[in-house]
Amino acid sequence: MRNILLAAVAVSAIAAPAFAQTNPEPRGYGSLGYTYLDGDAATTGAVTGRLGVNINRYIGVETEASVGVKKDDVTINGVDGRIKQNWDAAGYVVGRVPVSNNLELFARGGYGHTELKQDVVGARTDIGGDSWNYGAGANYFLDGVNGVRADWTRRDYRDDGGKADAYSVSYIRRF
């Protein structure tokens with residue numbers, strides 16, 4: 001019996017440092033979802049992917065890229081046409097407020113570029129614009145790493161290019 005107790009104490013002494021170490025909080029995250037873009041020129045939709053890094057619990061940076069999947073029928077000067085979102089990309093600084101272990105609210109601001117394709121009477125033109133972007137949203141984590149993200153982002157296009165509101169719903173994963 002004494003040997004069993006000594007062996008248990010020895011194993012505990014060796015394993016104690018391993019128990020004392022905690023897993024670091026996930027610093028990176030990625031998301032994949034759908035973005036509905038309601039702009040002055042058209043209403044389109046895109047599949048959006050994001051990658052981000054948390055600098056600390058409250059501040060992070062993220063990038064996003066989208067590929068258009070929904071077209072919009074439009075009338076320009078009495079002529080019917082179609083506008084499709086080709087792609088967009090942006091970078092953001094993100095500020096977070098943890099509300100609970102599972103819920104965090106965030107605000108973000110950054111700069112991006114959007115490319116649309118306009119098809120009117122057989123003539124195709126690319127319409128693009130740079131924008132200052134800002135918005136807010138929430139992440140709800142079902143467990144420590146998997147969750148759902150919902151956000152709104154305003155895109156203010158430069159050179160009087162108009163405005164657009166982007167509404168997104170995504171699956172998010174921390175890593």
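**View 1. Gln-118 and the residues it touches.** In this predicted model, Gln-118 touches Ile-76, Arg-82, Ile-83, Ala-123, Arg-124, Thr-125 and Ile-127, leaving aside residues up to four places away in sequence. A contact here means heavy atoms within 4.5 Å. Gln-118 is part of strand S5, residues 103–120. Strands (E, at least two residues) and helices (H or I, at least four) are DSSP runs, numbered from the N terminus. Gln-118 counts as buried because its relative accessibility is 18%. Buried means under 20% relative accessible area, exposed means over 50%, and partly exposed lies in between (1.4 Å probe, protein chains only).

**View 2. Strands S4 and S5 side by side.** Strand S4 covers residues 79–98. S4 and S5 run antiparallel, joined by 17 bridges. Two strands pair if DSSP finds at least two bridges between them. Ile-83 stands opposite Gln-118 of S5. Ile-83 is also among the residues that Gln-118 touches.

**View 3. The closed barrel.** Eight strands form a closed barrel in the order S1-S2-S3-S4-S5-S6-S7-S8, and the pairing is antiparallel. From one strand to the next, the twist averages 20°. Axes are lines fitted to C-alpha atoms, for helices over the stretch in contact, and angles run from 0 to 180 degrees between N-to-C directions. Strands of a sheet pair through backbone hydrogen bonds, either parallel or antiparallel.

**View 4. A nonpolar surface patch.** Leu-32, Tyr-34, Tyr-36, Val-47, Val-69 and Tyr-167 make up this patch, with about 540 Å² of accessible area together. Strand S1, residues 28–39, gives the largest share, 3 residues. Tyr-167 sits in strand S8, residues 163–174. Tyr-167 counts as partly exposed because its relative accessibility is 38%. Patch residues have over 30% relative accessible area and no salt bridge; like charges are joined within 9 Å, and nonpolar side chains (Val, Leu, Ile, Met, Phe, Trp, Tyr) within 5 Å. A salt bridge is a side-chain nitrogen of Lys or Arg within 4 Å of a carboxyl oxygen of Asp or Glu. Accessible areas come from the Shrake-Rupley method with a 1.4 Å probe; for residues, only the protein chains shown count as cover.

**View 5. The protein as a whole.** The protein has 1 helix and 8 strands. Of its 175 residues, 35% are buried.

**Notes.** Residues are numbered from 1 along each chain as its sequence is written, and side-chain values use heavy atoms, without hydrogens and water. In this predicted model, local features need pLDDT of at least 70 and side-chain atom pairs count only at pLDDT 80 or more, while totals for chains, interfaces and linings use all residues.
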